[in-house]
Amino acid sequence: MQPCCTIDHEGSPPTCPMNGQKCKPVGRITLENLLKSEARASMKIQPYYFCDAPDCDTVYVSALGDHLVTKDQLTVRVGIKETENPIPLCYCFGFDRKAVWNDIRSKAATNIPRIITERVKAGECRCDVTNPSGTCCLGNVYRAVKQAQAMRQQGLL
Ligand SMILES: [Zn+2]
């Protein structure tokens, strides 16, 4: 699947100082839209990168590693870093993990990925300003569907 929102960047992304994992490029516009005002005011004139590790509270790292933004400094919950509801999956159209789980629990299938795909094709997504990763949510949505299906098979859902 071709992601609907791509990010231009140059150079090698920094690693997250908290967990040493390589970060992913993210547009400045994403931070400008999702950071609380105090954190936004501390932004450096540098590119920023996104840490997608579930076990790390750091969400963004500046290119030089001298500014870290933690998840409590965002106006939205970072679904990938949360274990308790609500766990947002799709920020543009408002689907969370609970919606996926409810579908899988009640009918073993879900049309949420199809709905998102259709709305993305219609040009309605705004991942760069709604999703903390700044990119399309579909990868995470498909992962949540697979996880829910596996849990259902094991009688855990
Ligand atoms: Zn991290």
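1. Two residues count as in contact here when their C-beta atoms, placed from the backbone, lie within 7 Å. The model is predicted. On that contact criterion, 11 residues of domain 1 are in contact with 7 residues of domain 2. Helix α1 (residues 28-34) gives the most to the side of domain 1 that touches domain 2, namely 4 residues. By class, that side of domain 1 comprises 6 nonpolar, 3 polar and 2 charged residues.

2. The domain bounds are as follows: domain 1 covers 24-73 and domain 2 covers 79-153. Taken over C-alpha atoms, the centres of domain 1 and domain 2 are separated by 23 Å.

3. Threonine 30 lies in helix α1. Leaving out residues up to four places away in sequence, threonine 30 touches Asp128, Val129, Pro132 and Gly134. Threonine 30 is buried, with 23 other C-beta atoms within 10 Å, where the cut-off for buried is 20 or more. Threonine 30 and isoleucine 45 are 15 residues apart in sequence, and their C-alpha atoms are 14 Å apart in space.

4. Threonine 130 belongs to helix α5 (residues 127-130). Threonine 130 has 20 C-beta neighbours inside 10 Å and therefore counts as buried, the cut-off being 20 or more. With neighbours within four places in sequence set aside, threonine 130 is in contact with Tyr91 and Cys92. Cysteine 23 is 107 residues from threonine 130 along the chain, and the two C-alpha atoms are separated by 19 Å.

5. Which angle do helices α4 and α6 make where they pack? Helix α4 (residues 112-121) and helix α6 (residues 138-153) pack at about 170 degrees, with their axes 10 Å apart. That angle makes α4 roughly antiparallel to α6, a term used for angles over 145 degrees. On the α4 side the contact is made by Ile112, Pro113, Ile116 and Thr117, and on the α6 side by Leu138, Val141, Tyr142 and Val145. This contact of α4 with α6 has 7 nonpolar residues, 1 polar residue and no charged residues.

6. The largest nonpolar core has 19 residues. Those with the most contacts inside this core are Leu89, Cys90, Val100, Ile116, Cys137 and Val141. At least two residues of the core are supplied by each of β5 (88-90), α3 (97-107), α4 and α6. Helix α6 contributes the largest share, 5 residues. Another core lies apart from this one and has 17 residues, among them Tyr48, Cys51, Tyr60 and Val61.

7. Isoleucine 116 deserves a separate entry. It is one of the α4 residues that make the contact with α6, and it is also listed among the residues with the most contacts inside the largest nonpolar core. Beyond its neighbours within four places in sequence, isoleucine 116 is in contact with Cys90, Phe93, Phe95, Cys137, Leu138 and Val141.

8. Lysine 81 is in the loop between β4 (68-70) and β5. Is this lysine buried or exposed? Lysine 81 counts as buried, because 20 C-beta neighbours lie inside 10 Å. Pro54 and Lys71 are in contact with lysine 81 once neighbours within four places in sequence are left aside. From lysine 81 to isoleucine 104 the separation is 23 residues in sequence and 22 Å in space, C-alpha to C-alpha.

9. The loop between β4 and β5 also holds proline 86. Asparagine 85 and proline 86 are joined by a cis peptide bond, with omega about -5 degrees.

10. Alanine 108 is found in the loop between α3 and α4. Its phi is near 65 degrees, a positive value in a residue other than glycine. Alanine 108 is exposed, with 12 other C-beta atoms within 10 Å, and the cut-off for exposed is 12 or fewer.

11. Proline 17 sits in the segment before β1 (24-26). With 14 other C-beta atoms within 10 Å, proline 17 is partly exposed. Its contacts, neighbours within four places in sequence aside, are with Val61, Gly65 and Leu68; Val61 is also one of the residues of the 17-residue core.

Notes. Residues numbered from 1 in each chain as written. Predicted model: local features only at pLDDT ≥ 70, side-chain atom pairs only at ≥ 80, totals over all residues. Axes fitted to C-alpha atoms, helices over the stretch in contact; angles between N-to-C directions. Parallel < 35°, antiparallel > 145°, perpendicular 65-115°, else oblique. Nonpolar A, V, L, I, M, F, W, Y, C, P; charged D, E, K, R; others polar. Core = buried A, V, L, I, M, F, W, Y, C linked by C-beta atoms within 7 Å. Domains from an automatic or database assignment.
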